[in-house]
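Hi,

Here is the structure I promised to pass on. Have a look at it first, and then read my notes below.

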Amino acid sequence: MRTKMISGAISMASAGMACSGNAAEPGLATSPQWRIGAGAELYLKGMHPRIVMGPADLDSMREECKDGDGKRILDVLRACVQPLVRLVLEAQNLPQLVGDWDHSERNPGTPVILGLQDIALVGILDDDTNAVEAVRRVFAASPQAMAYGQKGSRSYAFGKSATYLALAYDLLHSRLTPT
């Protein structure tokens, strides 16, 4: 349950930040990081602008997760994502596994998609190469995954999976390689 709360909090935070980043509405663009072109300086330095958490936030989270509640929460999150990481790394047909997901968790790929941002979070906080590789493989399988599963607004490309993919990408951008 706590891991679902963490995922929900991350999702809500990203939606809230995206809304407050609407530079077309002067009342919403209250700080300089939400102006059009704000990421340009970061890209010039070879850095990916983060949607949810930047490097300093991740450093702070790592520190918070060394003991107490933070450690207990991250320990539960680790235990939840390890079977998902194994499922991805051992998949015979990864595009089908992740493309044939649904919203009712009937298919084996559903927990992978719903947990993708959690896998990415464990990957980045723990420097877990298997978790990072699992997320990278899901991204690499994405073009082929669209041939499987539901079509239309609930499809792999356009359904909720896009949110999980985006948040995972945001967390792991600096660790991902093209192959």
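The chain exposes about 10,000 Å², and carbon and sulfur atoms supply 59% of that area (Shrake-Rupley method, 1.4 Å probe; for residues, only the protein chains shown count as cover). Please keep in mind that this is a predicted model, where local features need pLDDT of at least 70, side-chain atom pairs count only at pLDDT 80 or more, and totals for chains, interfaces and linings use all residues. Residues are numbered from 1 along each chain as its sequence is written, and side-chain values use heavy atoms, with hydrogens and water left out.

You will find nine helices and zero strands in the chain (DSSP runs of H or I, at least four residues, for helices, and of E, at least two, for strands, numbered from the N terminus). Of the 179 residues, 35% are buried (under 20% relative accessible area, 1.4 Å probe, protein chains only).

Now to the inside. Leaving aside neighbours within four places in sequence, Leu116 is in contact with Val135, Val138, Phe139, Tyr164, Leu165 and Ala168 (contact means heavy atoms within 4.5 Å).

The buried residues of H9 include Tyr164, Leu165 and Ala168, and also Ser161 and Asp170.

Best wishes

Key: Buried means under 20% relative accessible area, exposed over 50%, partly exposed in between (1.4 Å probe, protein chains only).
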